[in-house]
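The exercises below are to be worked with the sequence and the 3D structure at hand. Each task is followed by a stepwise solution.

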Amino acid sequence: MTTAAIDLKSFQEIGWMREAGRVVAEVLNLLAGMTKAGISTEDLDRTARSEILKRKAKPAFLNYRGYPCTLCVSVNEEVVHGIPRSGKVLAKGDIVSLDLGAVVKGFYADAAVTVGVDSISEDSARLIEVTRKALFLGTAQVKPENRVGDISNAVQTWVESQGMSVVREFVGHGIGRNLHEEPPVHNYGRSGTGPRLQTGMVIAIEPMVSLGGPEVRVLEDGWTAVTQDGSRSAHFEHTIAVTKEGHEVLTSIA
Ligand code: MF3
Ligand code: CO
C-alpha cells in the first residue's frame, strides 16, 4: 500500500473486477469439489493455475512478495497462506481453506472458502458455519454511509458470541489494480469508526476464525500461518463492491 487514499473504481473497472471475480468463483467451486481424501495440495494448485489460464485470466498470488504458488491451501490448524506441496495429502476429517486470486485486464479479485474432507467433526462443522456466517454478516454492513468499523464489529460480535476467536494478525483490504489497497478491513473493532464506505469502493472481507485462542505464528517457510494452540481455523473471503443500493459480491457464482 503506497498511499492512504482509497481508490474509487469506475463502472467499467468494476466490470473487469466482476470478470476476475467470476473466474475466481468458478475455479474455487471446482477446487472445492476436488478437495477429497488422497489428493495433494499441490494437485489443487496445479488445477487452480491451469483453470485460471484457461479462462484467460492470470494468477494473482504467484510471485506476489515471493509467494511461490497460485493457490493458498491451509489445512486444520493452518490459518492462511499454506503453501501447496506434493507431500501434503488430504485425509478424511480435515478442514481445508482454499484462497485464490485472479487478474483480468489488470484488475484483481480475491476469495476464499473452507471445506471439509468427507465427514468432519461437529466442532469443525460448526467452525466452518460460524466463519461463513461471519462473512455474511460483515457483508450485510456494506452500503454507502456505513463505515468500515461496522463490518469489523459485525464479524467480531458474531464470532465471539459463538465462543470462537477472531485472528487479528491478518485483515481484509481494499482491492482493485492491486491485490491489497486501502483501507484495511479488520475483523474486530468498533461500529461507527473507520473510513466511510462509498459507491465505487471495492473491498475484500476475510474473517479468519479459530476454535481456540486467536494467536498465530508463521512457520519456517515464511508464509504458512498456524494457530499457536494448534486449534483448527477457518477462512472465508469475498471481493465486494459498494453500490448505490448497498453492495455487489463480485466473487460468487450467480
Ligand atoms: N487472500 C489473501 C490475502 O489477501 C491471499 C494473499 S496470498 C499471497 O492476503 F500470496 F498473495 F500473499
Ligand atoms: Co484477501
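Asparagine 63 has a relative accessible area of 61% and is therefore exposed (buried means under 20%, exposed over 50%, partly exposed in between, with a 1.4 Å probe and protein chains only). The model is predicted, so local features need pLDDT of at least 70 and side-chain atom pairs count only at pLDDT 80 or more, while totals for chains, interfaces and linings use all residues. Residues are numbered from 1 along each chain as its sequence is written, chains are lettered from A and ligands numbered from 1 in the order in which they are written, and side-chain values use heavy atoms, with hydrogens and water left out.

**Exercise 1. Backbone angles**

Solution. 
- Step 1. Asparagine 76 is buried, because its relative accessible area is 12%.
- Step 2. For reference, most residues other than glycine have a negative phi, and most peptide bonds are trans.

Task: which peptide bond at proline 183 is cis, and in which strand does proline 183 lie?

Solution. 
- Step 1. The bond joins glutamate 182 and proline 183, with omega about -5°.
- Step 2. Proline 183 is part of strand E8.

**Exercise 2. Strand E2 and its partner**

Task: are the residues of E2 buried or exposed, and how many bridges join E2 to strand E4?

Solution. 
- Step 1. Five of the five residues of E2 are buried, so the strand is largely enclosed by the rest of the structure.
- Step 2. Leu71, Val73 and Val75 point one way from E2, while Cys72 and Ser74 point the other way.
- Step 3. E2 and strand E4 (residues 95–104) run antiparallel and are joined by five bridges; two strands pair if DSSP finds at least two bridges between them.

**Exercise 3. The cobalt site**

Task: which residues coordinate the cobalt ion (ligand 2), and where in the chain do aspartate 110 and glutamate 237 lie?

Solution. 
- Step 1. The ion is coordinated by Asp110 (OD), His173 (NE2), Glu206 (OE) and Glu237 (OE), at 2.0 to 2.2 Å. Donors are N, O and S atoms within 2.8 Å of the metal (3.2 Å for Na, K and Ca); water is not among the atoms, so sites may look incomplete.
- Step 2. Angles among the six donor atoms run from 66 to 172°, and the site is irregular. Four donors are tetrahedral if all angles lie between 85 and 135 degrees; four are square planar and six octahedral if opposite donors are over 155 degrees apart and all others between 65 and 115; anything else is irregular.
- Step 3. The sequence spacing of the donor residues of the cobalt ion (ligand 2) is D-x62-H-x32-E-x30-E.
- Step 4. Aspartate 110 is in strand E5 (residues 107–116) and glutamate 237 in the loop between strand E13 (233–235) and strand E14 (238–243), so that the pair, 127 residues apart, links distant parts of the chain.
- Step 5. Aspartate 110 counts as buried at 3% relative accessibility, and glutamate 237 is buried at 1%.

Conventions. Helix = DSSP H or I, 4+ residues; strand = E, 2+ residues; numbered from the N terminus.
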